[in-house]
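Please read the points below with the structure open beside them. They are meant for someone meeting this structure for the first time.

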Amino acid sequence: MHFSEALINWYFTHKRDLPWRQTNSAYHIWLSEIMLQQTQVIKVLDYYSIFLDKYPSIHDLAQADEDEVLKLWQGLGYYSRARNLHASAKVISDNQGVFPQNYEALKKLKGVGDYTAAAIASFAFGEAKAVVDGNVYRVLSRFLGIDLPINSTEGAKLFKEKAEELLDKSRPADHNQAIMEFGALLCRPKNPDCTQCPLQKDCVAFQQNKISQLPVKLKKVKVRKRYLNYLILEDASERLLIQKRTQKDIWQNMFEFPLSETQNNTNEMTTDAFGLSLPTQNLTRLTEKPIKHQLTHQSLYTDFWKLNLTQNFESYPELVEGYTVVTQNELLNYAVPVLIANFIQTHFFKR
Ligand code: SF4
């Protein structure tokens, strides 16, 4: 049996029932594919339905405030996805809501790379374009016995060619769904279920006992360590200061408390370090030890500090410049990184 036929047969017996597989709406498919980037299916399910409830059409999404979109995305990570999604929704909405209809045009949307463009083009428009994601790399490297690193230029080119060669051009959507589902459920990274595999007879890795060695991946770039100190500055009315992260960095356009980034963890901070001319003696550390938060290429070590003012912020007009003054309850309306959201919950609401 041909590779693609075997995969598609397997798929129709074993596939998971996922909401974005029951539609050919480009908007729904695009939304699900952006959410699924680097994120597990189980996590995406809730966010997908919440987003579609809130923004049933691309025009609804386009008209929303970016802050609101980021708030809804909170917890899903990789927030540039939400910003790009929103920016692209505006472009499409301005075009009467008509989506780009093919792979090349889709790639011009912000946040849509090779994989996502091929997925939308095949699922929504039936274009014969092969998807290549982590699951596809794994299936192809094992089935064909390719040991070129999947994250090398040469490797990426070869896998793309092989994926296109093996694609059933008469059923691109089924083929693409099938190979990814097959990689996710059967040809898993660890303990693939080879005994149940319809490709076993022709699988090079299985025949040559090389399954655990494939796919090959070049070592990751070094993880950068960062040390963040956040200040909970509370005025006499228990209000706080927050600011928007506008610089090109992690968490762009999300909110945070006044920040001081240091070279190492420190037991001693000054108000100066936060750019505030206030007495330092009452500054206290709230965290016993730094909270570690892992991003793909960065390890963050975060401490929270606190300082209470005896007067209201209105008495310090220069101090609050550039910040937003909020009550504890209002804090919940702002999109903040998960590590800050967790802190807010424990510190302000679980007493
Ligand atoms: S035989 Fe095993 S390694 Fe080969 S494709 Fe099937 S599940 Fe993957």
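1. A hairpin joins β6 to β7 through three residues. These two strands, β6 at residues 291–294 and β7 at residues 298–308, pair in the antiparallel sense over four bridges, where pairing requires that DSSP finds at least two bridges between two strands. Within this pair, His293 stands opposite Leu300 in β7. Helices (H or I, at least four residues) and strands (E, at least two) are DSSP runs, numbered from the N terminus.

2. Two remarks on the source belong here. The model is a predicted one, in which local features need pLDDT of at least 70 and side-chain atom pairs count only at pLDDT 80 or more, while totals for chains, interfaces and linings use all residues. Residues are numbered from 1 along each chain as its sequence is written.

3. The protein is divided into domain 1, spanning 3–213, and domain 2, spanning 224–349, with bounds that come from an automatic or database domain assignment. The C-alpha centres of domain 1 and domain 2 lie 37 Å apart. Their contact takes nine residues from domain 1 and nine residues from domain 2, two residues being in contact if their C-beta atoms, placed from the backbone, lie within 7 Å. On the side of domain 1 that touches domain 2, α5 (66–73) and α6 (80–94) each supply at least two residues, and α5 gives the most, with four residues. By class, that side of domain 1 has two nonpolar, three polar and four charged residues; here Ala, Val, Leu, Ile, Met, Phe, Trp, Tyr, Cys and Pro count as nonpolar, Asp, Glu, Lys and Arg as charged, and the others, Gly among them, as polar.

4. Which residues are closest to the ligand? They are Cys187, Cys194, Cys197, Cys203 and Phe206, out of 14 residues that surround the ligand, a residue being near if its C-beta atom, placed from the backbone, lies within 6 Å of the molecule. Both α9 (134–144) and α12 (204–207) supply at least two residues of this shell, and α9 gives the most, with three residues. By class, the shell around the ligand has 12 nonpolar, one polar and one charged residues.

5. Helix α11 (residues 172–185) meets helix α1 (residues 3–14), and their axes come within 8 Å and cross at roughly 70°; axes are lines fitted to C-alpha atoms, for helices over the stretch in contact, and angles run from 0 to 180 degrees between N-to-C directions. α1 and α11 are therefore roughly perpendicular to each other, a term that covers angles of 65 to 115 degrees, whereas those under 35 count as roughly parallel, those over 145 as roughly antiparallel and the rest as oblique. Residues making the contact include Trp10 and Tyr11 of α1 and Phe182 and Leu185 of α11. The residues of this contact divide into eight nonpolar, four polar and two charged.

6. Helix α9 also packs with α11, at an angle of about 80° and with their axes 8 Å apart, and that makes α9 roughly perpendicular to α11. The contact is made by Asn135, Val136, Arg138 and Val139 of α9 together with Ile179, Met180, Phe182, Gly183 and Ala184 of α11.

7. Two details of the backbone deserve a look. A cis peptide bond, with omega about 0°, joins Leu214 and Pro215, and Pro215 lies in the loop between α12 and β1 (224–234). Tyr78, in the loop between α5 and α6, has phi near 45°, a positive value in a residue other than glycine.
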